Amino acid sequence: MPTFLEDITPFYGTHDKNPAGQTLEDFLEDYDPYKYEKPSCTTDAVVFSHDGALSETLEGLKILMVKRSNHPSIGFWALPGGFIEMKEDLEDTAKRELMEETGLKNPVMEQFATFGDYNRDPRTRVITTAYMAMVDEKDVSIKAGDDAADAAWCNVEMELAAESNEKEAVRRTYILHFVNKEKCLDTRAVVEHTLRRGLIREEHFTVSEQGMIAVDHAGIVAQAMTILRGRLEE
């Protein structure tokens, strides 16, 4: 198979041959990219807006959501996102999908998490990289496009419903409320947050009740809001 890239000079290493006696060109010619099953990769964007100064409670925060027009999770509300193209950087995918589905062009975006549970999509193995952005709602004209049936700003609130501090981990239960009265959206989702503390930290945001929010997107939103709160507290 010919090389995936036109320029392979950064990959020569020491220019030695491998144990099979192959040069890099020989190796790439024989390499079979279909030897192993391949997951699909997507990006999802958590786009926030807020009118005025943002407090630690995140009161008044809004989030940009799209209503799915196709399976899976048809009719549910989701984060703007989609599949990467083979020769496209992740951030470019996030911005392209955001523009195609909502009309929002080129915001400043931060990568903050990867969600990759094997059972998060019935079509195939899908791993998503999550981004977030903060924009001024007044500067954005939202228009649904691509496979989105609708796009809208929704009020979003996250309340702490339960918390337990164990020796090695903190466990929290968050309830998220998503509301847009004009779109007849008023739904809640429950997210379980587990943080194993130490120099190395392990953190999970797991959706236990999704309401009308697609897949694990409430967990992605909860992680983004947790990051915002932490920065505002600093």
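This is a predicted model: local features need pLDDT of at least 70, side-chain atom pairs count only at pLDDT 80 or more; totals for chains, interfaces and linings use all residues.
1. Overall architecture. The chain contains three helices and 10 strands. Along the sequence, these elements follow the order α-β-β-β-β-α-β-β-β-β-β-β-α. Taken along the principal axes, the C-alpha atoms fill a box of roughly 65 × 50 × 35 Å. Of the 234 residues, 40% count as buried.

2. Helix α2. G103 follows α2 and has a positive phi, near 90°.

3. The E97 and R96 pair. A salt bridge links E97 with R96, and the closest N and O atoms are 3.1 Å apart. A search of the whole structure finds 14 salt bridges.

4. Salt bridge between R123 and D121. Here the closest N and O atoms are 2.6 Å apart. R123 has a relative accessible area of 46% and is therefore partly exposed, whereas D121, at 12% relative accessibility, counts as buried because the cut-off for burial is under 20%.

5. Salt bridge between R188 and E209. The closest N and O atoms of R188 and E209 are 3.5 Å apart. R188 belongs to strand β9 (residues 185-196) and E209 to strand β10 (residues 202-209), so this pair ties together parts that are 21 residues apart in sequence. Both partners count as partly exposed, R188 at 38% relative accessibility and E209 at 39%. Elsewhere, salt bridges that share partners join E85, E88, R96, E97 and E100 into one network.

6. Surface patches. E25, D26, E29 and D30 form a negative surface patch. Of these, E25 lies in helix α1 (residues 24-30) and is partly exposed, with a relative accessible area of 38%. A nonpolar surface patch of about 440 Å² is made by F4, L5, F11 and M86; F11 is placed in the segment before α1.

7. Residue D44. This residue lies in strand β1 (residues 40-49). D44 is buried, with a relative accessible area of 6%. The C-alpha atoms of D44 and A218 are separated by 12 Å, although the two residues are 174 residues apart along the chain.

Methods: Residues are numbered from 1 along each chain as its sequence is written. Side-chain values use heavy atoms; hydrogens and water are left out. Patches are made of residues with over 30% relative accessible area and no salt bridge: like charges are joined within 9 Å, nonpolar side chains (Val, Leu, Ile, Met, Phe, Trp, Tyr) within 5 Å. Accessible areas come from the Shrake-Rupley method with a 1.4 Å probe; for residues, only the protein chains shown count as cover. A salt bridge is a side-chain nitrogen of Lys or Arg within 4 Å of a carboxyl oxygen of Asp or Glu. Lys and Arg count as positive and Asp and Glu as negative; His and the chain ends are not counted. The place of a charge is taken as NZ of Lys, CZ of Arg, CG of Asp or CD of Glu. Helices (H or I, at least four residues) and strands (E, at least two) are DSSP runs, numbered from the N terminus. Buried means under 20% relative accessible area, exposed over 50%, partly exposed in between (1.4 Å probe, protein chains only).
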